[in-house]
Each structure stands twice: as structure tokens, then as C-alpha cells.
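Subject: Structure for you to look at

Hello,

Here is the structure I said I would pass on. Please open it first, then read the notes below it.

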Amino acid sequence: MGYWVHAIQIPLDPNHKLSVAFSLEKSRGLMSEIPQLPSVVDLSFDHSGNRTHFNIAHFDNLDIFIISTIGKIGQIVQVIFPSSVITSRLQPTHNIDYDLKVLLGPPLEDFDLLLNRIIRVLVEHKLRRSFVFALGLDNFNLNHARNSMNICRVKGLSIDFPKLFVQIEFRSFSTRSKCAEFIFLPKTSFKKFVKPRERARLDSELSHIAKFNKFYEWQLNEQTRQSFPIFEILDGPPYANGSVHVGHAINKILKDFILRSQVYGGKRVIFRPGWDCHGLPIELKIAKSNQQKKISSCELRSAARQFALQSISSQENSFRRWAVSADWANPYYTMDKDYVAKEIRIFGELYRRKMIYRAFMPVYWSPSALTALAEAELEYKDHISTAIFYRFGVINSQSILLKCEADERPTKLYALIWTTTPWTLPMNNAIAYRKDAVYVVIELCAKEHYMRPARHLYILAKDLVSSFEKETKIKTRILSAFIGAELKGIMYRSTMFNDLAQPFVEAKHVTTTVGTGLVHISFAHGLEDFELALQLNEEVSCFVDEHGRYMRHLGHKLEGKSVLEEGNDVVLQLFKKNVIFTSPYKHSYPYDWRTRQPVIIRSSEQWFIDISKISMEVVKAITNGAHMIGSRHSDKTEALLAQLKNRVVWCISRQRHWGVPIPAFYREDGSIIISHEIVNAIAERVEKDGTDVWWQYSADELFPEKLRNKYGIRKEEQLKKSDDILDVWMDSGIAWSSTRQRTGPCDLIVEGCDQFRGWFQSLSLISFALNNELPFKNIYVHAFAVDENGEKMSKSRGNVVNPDSITDGSLNEEPYGADGLRLWVAKYGCEGDNARIGPSVMKEIARNYAQLRNSFCFLLGAVNGYEEGDKSSYGENFYIDRYILDRLAQFTQKCIQNHNEFRFPLMVSEYLQFLQHPLNSPYISCIKNRLYCGTYLERQKTQETLSKIGLNLGALLAPILPHLVTEFFTHHPSIEDPSDALRLETIQRCDRFYCSGDPNATELYAVIDFALDIRSKMFKQNDKNDVSRKAVLITGPDVVLQKLYPLQADPCSYNSELVEILGVSEVKMETDNDSEIAIHFVQCDREFCKRCRRNVKLMDEDYCERCRKAVKENEIMSKFAMEV
């Protein structure tokens, strides 16, 4: 029979005495009765100088919790559980299902976190029934809430609330035997397993408790830390284009590992996050969404800016969700006006130094994006081209034909070339040869060639005859041979214009390893071809437009045809009589990394930076310096040097709108007007009017009025402004200058291996060009995310892994939380070339994470009730305790070294190994009996050791898994404020949790190693079966047995340190004349003790001597606690 709560009025008088008036009515009928007065427990306490009323009233089947800081009640909330039939069958580990009903006052908002935490504690103690909470709180403070939960002051004693509540309510529910009540089993509210639906809420709560959002500001600006050295990480800006992917997770979480480990190592870290905002992908998205209408450049830029800001907001939320610490209050965006103005000024300075110029040159051109591309913007894919052997008719061939045997038929001589770009044949300008190569004249033996009325002969390199026969399946006959230099002065007929004679030219880039040894040259469509044109002083013209289509100059049959599509087929059809052989050719081909479409080489007017000298100076600086590029165990310096050595010129102009304008002007005759002072004037306009100013105003309005006379610009002259923008790699390449207040190189750059062809180069080249120094001391190169089969992720393959689904789950995936994602980064994402991720990989991560939680859960349960005090009163440390603390000290130093060397995978691997050995075995397996059944002093000494171990292990893991460590500290009895646990005000506190090495380590290991060796042999001798009830006799020469005397001085013992280490009931030692130790299992002299479960009890006693003492101590302490 239950009661309905009609009204609850709780006035709190000035003396803080509780008065409660209840008006209740039976749920059946209208008969009223006066209930029995409730019993009240007062747990009020002080927090931050203010009094908090915390009372529990209990009567009949209703419990009321009164929590108030304002002297009155403003909210009444009922907690409703399922019926008692259901809840009676639930265990504490089952899901906590309940409803909250606000009976009085406003909505709960953040106060539901406080109620949830209290309810969880009550459920852990098997209390699942309806409660009423009466709240009078003006704000929600997690530290205050924790105080409410865990520490209450009653009569000057520190009492743990859950324990006190259990003593009041649950004493009668104990079903254990009398002896079991005095076994000190581990007990903690820390859960071994977090339910999937609780994961996100727990992460959020732990983030609030640890004050992750204030960590960065604290470590950098805390007054007491100002003397600490600075460590600066320069953030390579991710692209502000959509949501995060696992590559973001690797990069940002790894940087957080480094930041936190450096902070815990006694440094202040500068890490300003940034975003790369300009570029083609965003522009294409805006253009696609506005296909139905034409928008202006300013409208496009406005929409692009808004899209970038939305992406930044989404990505930043994910980064914060992952507990990434950074200067989130002051990020940098490459689209900000100050950043853009700085970039324009750097452009002007490079122009002043004559490093920037405009020229008509071949560049990688993306027909799909309508813009030029730099080498760094290409990605190479397998591509199938049409490869052909093609012939050009030689005009003045007499000198070569004289070397061949005579034939009655008329003879025609052809130059044979091989190309994978047949579309360039209409623009052929020359044929290149190698002057020192041996060439031959061959005749094709196939019937359709050999039996013609006219004899056709072909020139190709001697070394390539066999490969020609293999490829074409056509047998040949060599008629003569000559040196390549003899081709000088020879002419051949143009493909496109039959009456045009074109030359054979000598070129160094020609080889005799592939093709025919004769190379088809098209000045406008090849980098080496263009260089050859400059040497020959030839004019270069391009007849392919920005869409990759033939221009009208090549005739109506080709005009408008795409060179990569139907144009290629038309060329083959037009010139089919000179095509000897065609075949598909699979090779690596450059694609636009943004549009994923193939590119071409096309000459056009572009802006370039001459980096031929600078790139070699950067190579020299890296080669001669002490820079880490890669990681401590994987040097990737050569990967960067190889890229730099091949850089001669950098095309920095793009034909788009969403970017930084190139501040150049053009006269009516096409000549350029640009100077350092003009550029600076435009930069000032950007700072004043914003980044769209270049598109909002005309050239005449933008050109500085005060400079018109200086540059001879007539008033009526109409200027034109540049339509080009700067390469986005130039945007991010100035980050070393535009985002920092400090001078000199930053300490560290952390990016993926894909940045060798991009950011690493642009950053180094621009910095060296302006400052003659590298902008970094070290580069840490992390792995590139792939699926668990090592395949690159793509939407088409369906193997893309969303990091948010890892942290928060999805319909098909369980959540692993922020620490699950961080643990994956630590194990897989830091080192090597590929970081595998997928279901099987995450299952392994889940197992590793469970191992960590299980270990922390035991360590917390083992120190339940432990209070730090005067350690000297506990006596000397046990040898096995000294052993584990010294091993932990050694392990700590290795972890710190791994942190400093950024070897996080090794650190995590060794950490998990340490939990297994030596922590779990042999240490924990050795001391469990002492922990569960030992005397008060024995248990205190054990708990002291386990407390040190737990805090030390937590401190080491904090940079990797901050949520888990915060949760551990929240439940640890020695930690009052988890948020402050690892915040170091002075350098001396850096090792406050770290154990120091044993001062007598040599003697310690001589004893322990010998004992553990005996333990190992004993278990092996007993087939690893349980030996806890056995007695063991150890025999050997006295000089050897003396090593065990520090652990057991007597010949026979039931409770020595040696007994504990071996895990047996009794150890006997006898000397004999044998030179080696012998181990014998013998009959135990005593009986089974049902408390410690060993054969150590005398016949007429209830317990063994140690258990009797421990039980007596507990009875005395329990009686004292009841009296208090």
C-alpha cells in the first residue's frame, strides 16, 4: 500500500534544524491517518565557505532527500522506478531505468546530472524504489555535487555517504556468513563496463569534472607556471569542407597526446588551431548548389565563407568531443582579413626580391576545375591510355638510305615514335633524339608491310627493336645502323600540315629505355618540350582551351573536341594511315586531387615562384641540420628531400574566385603593373574593407590614387585587374608567419605522410625565401588512415569510417567513447605509413580498453576505505611491495621517455604488458590474501602500495585517455579534486604521483628474483594447479637458502613473506648437500581456515592466528563506529 505525496513543506530555520510536515493520504479510500514521524539523518556540510543542507528522511516506504544551499526549497522531484517485482530481480550492473517527475518548480535542466549520480550510487547498493528529492540550489557545480555525493562531515568525522546510507538502510539485507562479513573484498562504484547508452553522457560529465575546456588556458597562463619553458606546436590547418574523418582524429588527437605529455613534463605549450578555408572543393559545392541561377563572384564568396564557417563549427565540436586541448578562443582562419593581408604582403615581398614572375609556360591543367595546378595538387592513379607507334615521313633521307642495301622498289623512310598522348600529335613541333645513341633502319617483315610496291623503312633506337617486336608482334629486319648525331639537319613532314618541314633536334631527356628512342615534341604540352623550345628560341602557341578542347585553329573536325575524350579518337581516325600499332596502356597518371579527374599539360599565362635555388638551400639546411623528420625510429627525411630536389618552379596562380587575389593590374596593351608598394596598398584595403574588396570594386577604384602619376597612368586609361587567385598551398604555407607572435622556428609540426608533397614544402620554401631558415625544429609524420584490409577509404567502396560513430555509436555500431577513439589513435595512428581501422580493429581496441578498466576497477576497489596518514606507523614495506614499486619506477621512466619521443604506440603496448606482468602476476596474485584477510596494518601497507600504483599508472595514462583517468581519480579516496590532480603549479609537482626507485635495489632483486624463480619452478612442477592449501619444502645448500632468509627467517612458517610470494599455506626450508635448490610438496601440519582459505588453522580454533586478529580488530573498529 503506497501513499500519494500531496504537499511537502520544508522551512529551514536560522539554526539549520530540519522540520518536516507531511500530509499523506492512502492510495485506497479517503480515510486519513497520521503517519509515524520520519527518521532523519543530517549529512550537511560546508563547501567553499557556504553551508549545504543535506538531509535524508525515511519513513514507511518513502525516502526524501533534501539538498539546499539557499535556505529554502524550490523544486520537488519524484524518482519513479519499475515495480518491485521487476527491480527485485535486477542486479546493480543492470541498466538504471527510471523516470523523473517534477512535482513542483521549474524544469531540472543541469540538476538531473546530480540526481543521476545519486541514483547510481543508490542502485549500486540495491536500492531501487521511489524517492523524492527536495532541491534548493541556485546553480549547478560539479565539484559541489561531488562533495554532496562523497564527503559529508558528521561530528568532525569524514564519512563516505554511500557507506553511511548502507549502514542506515541495508544492514538487514546482508546474507553472507559471519566470517564472510570480515573479509575485505574490493568495493568501488567505478564500473568495469560502461553501458553503450551511458557512454556519451559519462564522457560529457567527466569533461565537466576535469575542466577540459579550461586546461589549455590554465597550463599556458597560470601565474605559477610562467617560468616553465615554452613548447610550440604549429598546426597544419585542416580543410574547412564538411564533417570530420578519421584522418582528422589521428592528427588532432596525436597533437593532444603531445600537448598533454609536454604539460605534464613541466612545459607550457602553445597550440593555436587553424583552418584552411579557401580552395576549389568549396567553390565547386557552391557552384553546384546554384546551378539554376548565375551568381556573382561576391555572392559566391559570401556563400563559400558561410559554408566554411559551418564546417569549422562542426569540426571544432568534434575536436572538443575528443578532448583535444587547444587555443579554441583564438583560432586562425586563412580567410580572415588580417591573414589575407599578411599573405598579400608576403607576395609583394617575394615579387620585390624578383622571385615571382608571370610567364607563358606549360602547367598541369585541370579541365574539370578550369584552373592550373601545382605538383602538390596532383594525385597519381592507375590510368589506361591509348598508346600508339606513329610514323613521320622523313624528307631529306638520302644520307641515311645510302647505308641500306639497295632495292628495286621506291623507298620511303619514316621516323617511328611512341606516345600515350595521341591528342598532342596535331601540335607536334619536332622530333627529339639522343646524339650518342645508336639508331637503326628497320624493315617490317609482316606481310602487309613487306609486300607493298613501295619499300617502307623506319628509324628507331637499336636497344628498343626487341621491345618493339614484343609489343607489336611484328618481326623486323635491320638494314643499317648509325649514331644519333647524324640526324642533325634531317627534316620530316608535319602531321597536320603536309607541306611543312619540321626538324629533328637533339635533347638530353631522350632515353633508350622505353618507346623508340625518338620523342614526339609538342612545345605547349610538355615541360621538357617547353625547355627545348626556349633553347631553340622557338615561339610557343597553345591550341587547347581552358576546358581541354581543341581551338578553331586546328580545323572544324577537331574544334571543340575534348582532348581527353572524343578528340583523341578523332585524331586517331584522321591520321590512321600513319598509325603502325595501337594498344591500351595502363600507367600512373596525374589526376586533380580535388575533382578526381585526369589533368593535361597545357601552356598558359601564369604566375610562378622561382624556387630552383631556394629548394636546394632548403635541402642543404635539412641535410646539415639536426631535424627529426618522421619519428625517432623511422627517418623519413629522404621523402621530403626527394620532393624538394625536383622542384624548380612553383605555379602559384589559379583561375578561380574563392581565394586570395593576386594584386596585379594590366594596361590596355596587356602589360603588367605591379610593385611592392602597390601590393601593400591593396593589403591595406583588405584590412580596412575586408577580403571581398578585390571583387567589389573596379581596377580604377582599387589602384592607389597617389601612385597613378608615378606609373604614368592617364586619367582616361582603363585598367584591368587580375582575375587570378593564389594557390591554397601559399595560404597555409605562410602559417609560420601569420599565426604566431614568437619568432624563430616552432618546436614541432605534426602532420600525415601525405604532406610531403604539400604543406611541408610550401612552409619550408616560403620561410627560407624570406628568413633564410626553416620554420620548424622537427616534423613528426603520422600514419594515413586505411580500412582494416589496408585499402584506401572511399565512399564508392563503402569502407569509410566516421569517427563520430566510433565515439557515439550508430544504428549498427556500439559507441567506444572519446577514449576508445583516442586509444585507437595511440595504437594505430601514430607511426608507420598506414593506420588500419575497421570492426575487427575496434574489437581489439575494446578488449584493450576493458583490460584497462578492469585493472583500474580492482585498484580502486582494493583501496576502498584507505586514508592517507602517517606511513611510518605501518612499518617496513614488504619485499614484494618494494619490488613492484621499483618496477613501477623503472616503467615510469620508460613511459616518460616514450612521451618525450612521441612513441605512444610503444608506450600503450608496454603499459598493457605492465598490467599483466608484473602487476597482475606476480604482484596482485601474491598479495590478494593479505589484502582480503590481513590484519589492519598489513592491509594498510597493501593499500598504501596499491594507492601509489594506481595514482602512478593514472598519471602516466592521463595524456592518452584523460576521460578514463578522470573517472579513476573521481573514485579514488586520496583525490579530492580530479580536475586539479594533474595540474602542476610548480615543477616539483610534476612527479607527485611517480614512484621513486628502491635505494637498495641490488639487494631487493637478489632476494625477489630468487623467490620468483622458485615460484615459477613450483607452479611448473604442479602443472600450474592451485597450491594455496599446500605446504612446500625447499632444500638446498645453506649458502643458497640464505638468499631467502630476508623473506623467512624461520625454518618453518605459515605467514612469512615467502609464504605470500609462493602462494602456499606453509613453507619449510632445510639444508642439504645438493648444489641446487629442490622443491617438494609435503603434508600441511595445520587445518583449513574458512576465512583465508588456507591450511593454517590450529585444530581447536575457529580461525587461524592472523584471521583471529583481523576479525577482532574489525569488531573493535565496528563497535567504535557505531558508538560514534
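**Cavities**

The largest cavity holds about 160 Å³ of space. A cavity here is a set of points, on a 1 Å grid over the protein atoms alone, where a 1.4 Å probe fits but cannot get out, and its lining residues have an atom within 4 Å of a point. Grid points are joined across faces, edges and corners, and a volume is the space filled by probe spheres set on the points.

This is a predicted model, in which local features need pLDDT of at least 70, side-chain atom pairs count only at pLDDT 80 or more, and totals for chains, interfaces and linings use all residues. Residues are numbered from 1 along each chain as its sequence is written, and side-chain values use heavy atoms, with hydrogens and water left out.

The lining of the largest cavity has 16 residues, and Phe-212, Tyr-264, Thr-966, Pro-978 and Leu-982 are the closest to the centre. Helices H7 (212–221), H8 (246–264) and H31 (962–971) each supply at least two lining residues, and H31 gives the most, with four residues. Helices (H or I, at least four residues) and strands (E, at least two) are DSSP runs, numbered from the N terminus. By class, this lining has eleven nonpolar, two polar and three charged residues. Ala, Val, Leu, Ile, Met, Phe, Trp, Tyr, Cys and Pro count as nonpolar, Asp, Glu, Lys and Arg as charged, and the others, Gly among them, as polar.

In the whole structure, the search finds nine cavities of 30 Å³ or more. Strand S17 (371–373) supplies the largest share, three residues.

**Cores**

The largest nonpolar core has 146 residues, and those with the most contacts inside it are Trp-824, Tyr-911, Ile-949, Leu-953 and Leu-957. Such a core is a set of buried Ala, Val, Leu, Ile, Met, Phe, Trp, Tyr and Cys residues joined through side-chain atoms within 4.5 Å. Buried means under 20% relative accessible area, exposed over 50%, and partly exposed in between (1.4 Å probe, protein chains only). Helix H29 (residues 904–933) provides the largest share of this core, 15 residues. Apart from this core lies another, of 69 residues, among them Leu-234, Leu-726, Ile-766 and Phe-776.

Which residues of helix H14 (residues 465–472) are buried? They are Val-465, Phe-468 and Thr-472. These cover an arc of only 60 degrees around the axis, which puts them on the same side of H14. The arc is that of the directions from the helix axis to the C-beta atoms. On the other side of H14, Ser-466 and Lys-470 are exposed.

In helix H18 (residues 637–645), the buried residues are Thr-637, Leu-640, Leu-641 and Leu-644. They fall within an arc of 100 degrees, so they line one face of the helix. Their cover includes helices H17 (612–624) and H24 (759–771).

Lys-636 sits in the loop between S30 and H18. Lys-636 is buried, with a relative accessible area of 16%. Leaving out residues up to four places away in sequence, Lys-636 is in contact (heavy atoms within 4.5 Å) with Ile-629, Gly-630, Phe-756, Val-781 and Asp-833.

Regards

Methods: On a 1 Å grid over the protein atoms alone, a cavity is a set of points where a 1.4 Å probe fits but cannot get out, and a pocket is an open set with protein on both sides within 12 Å along at least five of seven lines; lining residues have an atom within 4 Å of a point.
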